[in-house]
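Please look over the model shown here before reading on.

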Amino acid sequence: MRFSRFLVCATLTASLLLAGCGQQAPSVVESTPAPTPTATPAPTPIPTVDIATKGGYPEVGDVLGSISIPGTEVDCTLYWGDAPTQLDQGAGIYPEAKMPGQPGTILVAAHTHTYFADLKSIEVGDEIVISTYYGDYRYRIVDAQVAQETDTSAYDLTKEEQNIILYTCYPFGTLSRTTQRYFVYGEYVDGPAVIDSSAQSASENSASA
């Protein structure tokens, strides 16, 4: 018992001596817990539309829907095909290109003295809105340029990402054919990706035969 009291007194005396010398007894440093990492949210999946349930792919000459550019007077019927028959009635998509909802380039033409006359009013950042019988799409204008009609570098039909190009004869309002074209380029914003369950079923049936 005496030995225990001596130890207690000695401990207290040592603490007091340290305090008298301007020193503090060592203290336990509590560590701050590391912050819990925040999980990166998964990207929102692009919705899809099954073209087989919407009547299938369009034939050349079919009405695909409409095309407009809010803030301009561009607002007309959109056809699948760009022959004179279609361009006399609205804008037309080159049938060797892609249609909205497919990866690749959508190439749209219209006359400069009618349906695309007001392309002259577009600005970078404007939206191109396409409404089709299978879904609605938006594209953001990122660039525009004048090029010769023979300049194949003005459009790229090999791109893998969905994009849109509008073009018309230049100068604006010309009634006769010209050697220049005005191109407007847009990037995909939103709209359902096109899938085709009928093509998948046909492929599965062929594989099982």
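This is a predicted model: local features need pLDDT of at least 70, side-chain atom pairs count only at pLDDT 80 or more; totals for chains, interfaces and linings use all residues.

Guide: Residues are numbered from 1 along each chain as its sequence is written, and side-chain values use heavy atoms, with hydrogens and water left out.

Visitor: What is the mean pLDDT of the protein chain?

Guide: The pLDDT is the predictor's confidence in each residue, from 0 to 100. In the protein chain, 77% of the residues reach 70 or more. The mean over the chain is 85.

Visitor: Which residues have the most contacts inside the largest nonpolar core?

Guide: A nonpolar core is a set of buried Ala, Val, Leu, Ile, Met, Phe, Trp, Tyr and Cys residues joined through side-chain atoms within 4.5 Å; buried means under 20% relative accessible area, exposed over 50% and partly exposed in between, with a 1.4 Å probe and protein chains only. The largest such core has 29 residues. Elements giving two or more residues to this core include β2 (63-68), β5 (105-109) and β8. The residues with the most contacts inside the core are I67, V108, L119, I128 and L166.

Visitor: How many residues are in the other core?

Guide: The other core lies apart from the largest one. Among its residues are A97, L107, A154 and I165. Its count is seven residues.

Visitor: Why is the pair of F183 and Y185 stacked?

Guide: Rings of Phe, Tyr and Trp (its six-membered ring) pair if their centres lie within 6.5 Å; planes under 30 degrees apart count as stacked, over 60 as edge-to-face and the rest as tilted. By this rule there are nine aromatic pairs. The centres of the F183 and Y185 rings are 6.3 Å apart, and the pair is stacked because the planes lie at 20°.

Visitor: Which backbone oxygen does the side chain of T174 reach?

Guide: T174 sits in the loop between β8 (163-170) and β9 (180-190). Leaving aside neighbours within four places in sequence, T174 is in contact with T112 and H113. The residue whose backbone oxygen the T174 side chain reaches, at 2.6 Å, is P171.

Visitor: Is the peptide bond from Y170 to P171 cis or trans?

Guide: P171 is also placed in the loop between β8 and β9. The omega of the bond from Y170 to P171 is near 5°. The bond is cis.

Visitor: Is Q86 buried or exposed?

Guide: Q86 is in helix α2 (residues 84-87). Leaving out residues up to four places away in sequence, Q86 touches V60, G61, Y79 and G81. With a relative accessible area of 7%, Q86 is buried.

Visitor: Which side chain does the side chain of Q162 join in a polar contact of 2.6 Å?

Guide: A polar contact is a pair of N or O atoms within 3.5 Å; within protein, one must be able to donate a hydrogen and the other to accept it, and residues adjacent in sequence count only if both atoms are side-chain atoms. Q162 is found in the loop between β7 and β8, and its side chain reaches the backbone nitrogen of G101 at 3.0 Å. The side chain joined at 2.6 Å is that of Y139.

Note on methods
Helices (H or I, at least four residues) and strands (E, at least two) are DSSP runs, numbered from the N terminus. Contact means heavy atoms within 4.5 Å.
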